[in-house]
Amino acid sequence: FDIEKSQEPSMIPLLKYELLKDKFDILLKKWFENYEQIAPICSYLIRSLEKSVYDAPKFLIVAQAVDGYFKRFVNGKDGKDTQQYEHQIQKLLKHFKGVKAIQECSIDAEVMAHSRHKYSHLIPDGETKSVEKAVSGIDLYVLTKKTIVLLTCCILDYIGLTTEEINRCIENSAVENIVYVARRNE
């Protein structure tokens, strides 16, 4: 195994100590309460943030992590078993309707589902009926950035942050920069 060089941490923290100092113990307990289930999802998020050549598998990493998050921590809580990826995304977007970054991203659940289906199953360009709304090129890059924002919100929600706390954490953070990049490239 090769040990990769450690990444430099962002100079702009996402979890702001001054904002969350009174509940850090609760957040840490929640983090370790189900660590084996959340750790792979966080690992995918971290991989998606690494600086490298952009390609469709980068989108698939975060799209798969969002799917895993939904299946592990959300599905069935409303009494319904939601299997279709598009419906999973719709439920997550509804849950995060008060998160400004999610609203600014304007994620289209159908586009996200079609894109995930196309690239995970390597559907050829000529066979696009079932994935007609799939995006490519710069649009896929932008969708990837938006999906990173959604996945970040999922993890923040998992550890117990409220919508208002998520908004305040994202404000002036690296995630806010991702939102800016996504909107600028639309």
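I began with the crossing of H7 and H8, and found that its hand is left-handed. The model is a predicted one, and I keep that in mind for every entry below. To place the pair, I noted that H7 covers residues 109-120 and H8 covers residues 137-158, and that they pack at an angle of about 110 degrees with their axes 11 Å apart. An angle from 65 to 115 degrees counts as roughly perpendicular, and H7 and H8 are therefore roughly perpendicular to each other.

Next I looked up which residues make this contact: H7 contributes Val111, Met112, Ser115 and Tyr119, while H8 contributes Leu140, Leu143, Thr147 and Leu150. Sorted by class, the contact of H7 with H8 has six nonpolar residues and two polar ones, with no charged residues.

I then turned to Lys118, which also lies in helix H7. Is Lys118 buried or exposed? Its relative accessible area is 12%, and because buried means under 20%, Lys118 counts as buried. When I set aside the neighbours within four places in sequence, I found Lys118 in contact with Ile123, Asp125, Val131 and Ala134.

By class, the contact of H3 with H8 divides into nine nonpolar and two polar residues, and no charged residue is part of it.

I went on to H8 itself and asked how many of its 22 residues are buried. The count is 17 of the 22, so H8 is largely enclosed by the rest of the structure. I also checked its length: at 1.5 Å a residue, the 22 residues of H8 should span 32 Å, and the end C-alpha atoms are 32 Å apart, which agrees. Just after H8, I found that Gly160 takes a positive phi of about 110 degrees.

For my last entry I made the length check on helix H4, residues 56-74, whose 19 residues reach 26 Å from the first C-alpha to the last, close to the 27 Å expected at 1.5 Å a residue. Just after H4, Gly76 takes a positive phi of about 90 degrees.

Technical notes:
Residues are numbered from 1 along each chain as its sequence is written. This is a predicted model: local features need pLDDT of at least 70, side-chain atom pairs count only at pLDDT 80 or more; totals for chains, interfaces and linings use all residues. Side-chain values use heavy atoms; hydrogens and water are left out. Axes are lines fitted to C-alpha atoms, for helices over the stretch in contact, and angles run from 0 to 180 degrees between N-to-C directions. Helices (H or I, at least four residues) and strands (E, at least two) are DSSP runs, numbered from the N terminus. Angles under 35 degrees count as roughly parallel, over 145 as roughly antiparallel, 65 to 115 as roughly perpendicular and the rest as oblique. A crossing is left-handed if the near helix is turned anticlockwise from the far one by less than a right angle, and right-handed if clockwise. Contact means heavy atoms within 4.5 Å. Ala, Val, Leu, Ile, Met, Phe, Trp, Tyr, Cys and Pro count as nonpolar, Asp, Glu, Lys and Arg as charged, and the others, Gly among them, as polar. The expected span of a helix is 1.5 Å times one less than its number of residues. Buried means under 20% relative accessible area, exposed over 50%, partly exposed in between (1.4 Å probe, protein chains only).
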